[in-house]
Amino acid sequence: MENKTKQFHFRVIPSRYEEIRKRSVDFQSISHFINSAIDEFSDDTYKIKHDTRRQLIDYYSQANLHLSHLGGNLNQAMHHINAMAQSGIDVSIAFGQEILPLIITLQSSILQLQSDLRLITHKLRSIR
């Protein structure tokens, strides 16, 4: 191991100094903390991993909203069909016009989500 003989001095505002000091508690020294951070963030795959994580978070948020919307629509349609059935109305036509298209859309969305998740998983595995 090479001796560490060079020093680097830099100025920070007091709040940043406190933040560095607090974050470096689990390290041997502030110097060890900064050297470890440089090693981690100099990794060529860091940006790819960071971007992929951000995309994954965004994707999950959008997928969750989409599925919640579809689930709400399906719930409303089922409530409407149940109300019609309790009134003695034949619901077979309404089922075919309201529920079946929602089920098909929901199935298509779930298949798309599964495909997207497979691609994301493959991408994450390839950048280890």
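Student: What pattern does the chain follow, read along the sequence?

Tutor: The pattern is α-α-α-α. This is a predicted model. Its secondary structure comes to four helices and zero strands.

Student: How do I judge the overall form of the chain?

Tutor: Start with the radius of gyration. A compact globule of 128 residues would have one near 14 Å, but this chain has 27 Å. Then take the box. Along the principal axes, the C-alpha atoms fill roughly 90 × 35 × 20 Å.

Student: How many of the residues count as buried?

Tutor: Of the 128 residues, 15% do. The cut-off is under 20% relative accessible area.

Student: Why does the span of helix α3 agree with its number of residues?

Tutor: Count 1.5 Å a residue. Helix α3 has 41 residues, 46–86, so it should span 60 Å. Its end C-alpha atoms are 59 Å apart, which agrees.

Student: Which residues in α3 are buried?

Tutor: First the general idea. An α-helix has 3.6 residues a turn, so residues three or four places apart point the same way. Now the case here. The buried residues of α3 are T52, L56, Y59, A63, L70, A77, I81 and M84.

Student: What covers the buried residues of α3?

Tutor: The cover includes α4, residues 92–126.

Student: What follows α3?

Tutor: G88 does, and its phi is positive, near 90°.

Student: How do I read contacts across the sequence?

Tutor: Look at the separation. Among contacts in the chain with a separation of 6 or more, 57% come from residues 24 or more positions apart.

Student: And the charges?

Tutor: Compare mean positions. Those of the 15 positive and 13 negative charges are 8 Å apart.

Technical notes:
Residues are numbered from 1 along each chain as its sequence is written. This is a predicted model: local features need pLDDT of at least 70, side-chain atom pairs count only at pLDDT 80 or more; totals for chains, interfaces and linings use all residues. Side-chain values use heavy atoms; hydrogens and water are left out. Helices (H or I, at least four residues) and strands (E, at least two) are DSSP runs, numbered from the N terminus. The radius of gyration is taken over C-alpha atoms; the globule rule is 2.2 Å times the number of residues to the power 0.38. Buried means under 20% relative accessible area, exposed over 50%, partly exposed in between (1.4 Å probe, protein chains only). Contact means heavy atoms within 4.5 Å. Lys and Arg count as positive and Asp and Glu as negative; His and the chain ends are not counted. The place of a charge is taken as NZ of Lys, CZ of Arg, CG of Asp or CD of Glu. The expected span of a helix is 1.5 Å times one less than its number of residues.
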